[in-house]
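Please examine the sequence and the coordinates before reading on.

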Amino acid sequence: MKRKTILFTLLILFSVLNNTVFAQALSGYVYEQENENPLSGISVYIPELMRGSISNEKGYFEFKNIKAGTYYVQISAVGYSSKTIKSNIPQEEVLNIHLNKSNVTIDEIVVSGARTSRKEETPFQIESISKKEISESGNIGMMDALSERPGIDQISFGSGIGKPVIRGLSFSRIMTIYRGMRFENQQWGEDHGIGLDNNGIDRIEVIKGPASLIYGSGALGGVINLIDEKPAISGKIEGDYTISGYSNSLGLNSSLGIKGTGENGFFWILRKNIQNHADYKSGTGRTIGNSRFSSKNINLDFGIIRNHGSSRFSYTYSGQKPGIISDTEMQESLATSRNDRKMQLPFQNLNDHIFTLQNKLFFKASKLYINLGHHINLREEIETAFDTIDLGLRLSTSSYDIKYLFSPHSKGEYTIGFQGFLQNNKNYEGALDILMPDAWLYDNSIFALVNYDLGKWKIQAGGRYDYRKVIANDKELNGYILPGNPKEGEMNRSFSGFSGSAGLTFIPNKNMYLKGNLSSGFRAPDLAELFSNGEHPGTTRFEKGNENFQREQNLEADLSYHINSSNFSFDVAGFYNYISNYIYFSPTGEQINDLNVWQFQQDNAMLYGGESGFRIHPESLPFLKMKSSFSYVRGKRTSDQSDLPLIPANKFFTEIKLVKDRYKFMETPFLAVRMNNVMAQNRIADDELRTPAYHLLHFSVGANFPLGKFSLNVQLYVHNLLNKTYFDHIALTRPFGIHNMGRNFRLNVGITF
């Protein structure tokens, strides 16, 4: 409580001091490149300030009361190339912006930590996926759409659970950032999904490779960063409603959102999403029993935007009920009637309550970010009876994140940050099974980062120190004993370490850049890896941890090259990642109470691979867009060169899309064909099965229909058009002989107002 009081006092103090700095204005005109005609209705947005504007009939836009400083300004419109301009206020004169007719994004903006920059200026690989792109993929879940990107995959369990995999790393090595804070939901388990959807977000940024320097211990493999949606334009109220139907799972997804911003800078956002699915059918036409799931999500945001900064409070409720597919499904199916969507045993009941407060304060040559968060994750696994909880865990996490960015001169920007969290894991009283102990976890860190701009050369380097202490006890747990059975019923471990990163970007001209990055991070073992010692409900496993595990420490080298022109762009990236004390999970061949014993183990490991891709967008055929990508990853234990488990297969992805900004009475009509070509995975761990190659074809078509002040959006997607029967190698249902989903039609109807 004392810590929070100090932070809020500092916030008020800085806010008062900051009001003394004179506010500026930013204005400009937007023109069409070809004929110099002014463009109206163009969206102009300043991400750091969360402020947007629309150009009028003369192409003019204006922002009033802006704090002096340097900001990125995004300019975008349907049918025109998006641009990003770095503006220095008040030195910047009236902007004159010219847009080409194209559907290509130029100078894409990304957020790493608190720093907003162009994508090409960051020395590491960032994949950015907009909410619109996720929707237009036609997939059921957010992770399904992300897994089509190079270097990104998912460990799935039916159609309702998806866990991110980045360059072969997953579980506690991937950190999720939501509402500006780390998202903790017992990510140690194979059958625990990411727990979030795209409701209330603007886009998702995926950092490939170690991001421990900026985000902390646990981001050893990468980061999934969900960026909050933008507030409405000042003085406007905006809304949207979308309903989607799915043929394969007989699913229904309904989403409603409304938001507004007053002239005084006060804004609010309210969103609600509900979806429900029955069991899915594989390509063979077989109904996969208990693959049904349902979820509901509520988002509430409100805050204030001023010239000296902003404050945003958010509350999110997420409730999910995914069924647990049995490992004997192919011998004795749990399938019932085709449209049955009532929960049946076993299933999970998951609830998350997330409270965050994000504050930004702008000074003449510096910025202060203070983020506070509290997250309650309730996890219940129900197997024996509907009124009995077999495994029940309550995870509470209170977090803080403070960053101070300052620019003493035009070439350099420096960041000092403090991050930490206090976490409590508590087993439900009366739960039948205890897999891991009650525990407290303390984590604190400090880091420094420098970004230096030398014209064609961009340099980023920094260091970080983390300290974590875990205190576990079994005093109130019946049927669970800590490893070694300590007399006092308590055991504690401490982990600390340094992370560092140094990266260089060379940009010889606007059409080319080369990146190189060398980074090292560490990860403390999670509770399951240290202290698991019990039956995991919904599986046939007795799971064991190892309280003597050492921290994981890695060293990764990344190199990437990008070239683009008005017609074509090409990317290639490669990485090598050495991880000492790598923790993995494997069967021991033993049994306890007729359950197979699985043990966490530790060995050194190496992962290597890369991604490549190209995009074609010819000026002579502005309606045509084509992109293709390839990703490759290998993972081995260094002791015997055996393959690591859960390494995804190599894959190609290709999309051909025809899109126009207008056609008769339609806006942005499109037609797209997407192809997933996944190679056979024969490099497997001892307990895995080889997986044959497969090829999937997807189709989509859609358009917007203006209806006065409203806009109707209709889209039809067909996933797995040819109804192929296939196995995803890292799907948890693969060992059971259960195929993935067959053909699935999705009809999406939305209206904006």
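Over which residues does pLDDT stay under 50?

## Model confidence

The model is predicted, and its pLDDT stays under 50 over residues 1–22. For that stretch the model has 22 contacts beyond four places in sequence. Where pLDDT is low, the predicted coordinates should not be read in detail.

For the protein chain, the mean pLDDT is 88, and 95% of the residues reach 70 or more. Among the elements, the lowest mean pLDDT, 45, belongs to helix α1 (residues 2–18), and the highest, 96, to strand β19 (residues 266–277).

## Salt bridges

Side chains of opposite charge can pair when their charged atoms come close. In the whole structure, the search finds 37 salt bridges. One of them joins D153 to K651, with the closest N and O atoms 3.3 Å apart. D153 belongs to strand β11 (residues 152–156) and K651 to strand β36 (residues 651–659), so this pair ties together parts that are 498 residues apart in sequence. Both D153 and K651 are buried.

A salt bridge also links D279 with R292, where the closest N and O atoms are 2.8 Å apart. Both D279 and R292 lie in the loop between β19 and β20 (293–306), 13 residues apart. D279 is classed as buried because its relative accessible area, 2%, is under 20%. R292 is likewise buried, with a relative accessible area of 0%. In the pair K403 and D401, the closest N and O atoms are 2.7 Å apart, and both residues are buried.

Rolling a probe the size of a water molecule over the atoms shows where empty space is left. The search of the whole structure finds 11 cavities of 30 Å³ or more. The second largest cavity holds about 270 Å³ of space. Its lining consists of 19 residues, and those closest to the centre are S172, E184, Q187, R468 and D526.

Strands β13 (174–178) and β25 (412–427) each contribute at least two residues to the lining of this cavity. By class, the lining comprises eight nonpolar, six polar and five charged residues.

## The second largest pocket

In the second largest pocket there is about 1100 Å³ of space. Of the 45 residues that line the pocket, E190, R541, W598, L732 and P735 lie nearest its centre. Two or more lining residues come from each of β30, β31, β33 (568–592) and β34 (595–616). The most are given by β33, with five residues. The lining of the pocket divides into 22 nonpolar, 10 polar and 13 charged residues.

## Residue T540

T540 is placed in the loop between β30 (533–536) and β31 (541–544). How exposed is T540? T540 is partly exposed because its relative accessible area is 33%, a value between the limits of 20% and 50%.

Which residues does T540 contact, once its neighbours within four places in sequence are set aside? The contacts of T540 are then D327, L595 and N596. T540 and D594 are 54 residues apart in sequence, and their C-alpha atoms are 8.3 Å apart in space.

Key
Residues are numbered from 1 along each chain as its sequence is written. This is a predicted model: local features need pLDDT of at least 70, side-chain atom pairs count only at pLDDT 80 or more; totals for chains, interfaces and linings use all residues. Side-chain values use heavy atoms; hydrogens and water are left out. On a 1 Å grid over the protein atoms alone, a cavity is a set of points where a 1.4 Å probe fits but cannot get out, and a pocket is an open set with protein on both sides within 12 Å along at least five of seven lines; lining residues have an atom within 4 Å of a point. Grid points are joined across faces, edges and corners, and a volume is the space filled by probe spheres set on the points. Helices (H or I, at least four residues) and strands (E, at least two) are DSSP runs, numbered from the N terminus. Ala, Val, Leu, Ile, Met, Phe, Trp, Tyr, Cys and Pro count as nonpolar, Asp, Glu, Lys and Arg as charged, and the others, Gly among them, as polar. Buried means under 20% relative accessible area, exposed over 50%, partly exposed in between (1.4 Å probe, protein chains only). Contact means heavy atoms within 4.5 Å. pLDDT is the predictor's confidence in each residue, from 0 to 100. A salt bridge is a side-chain nitrogen of Lys or Arg within 4 Å of a carboxyl oxygen of Asp or Glu.
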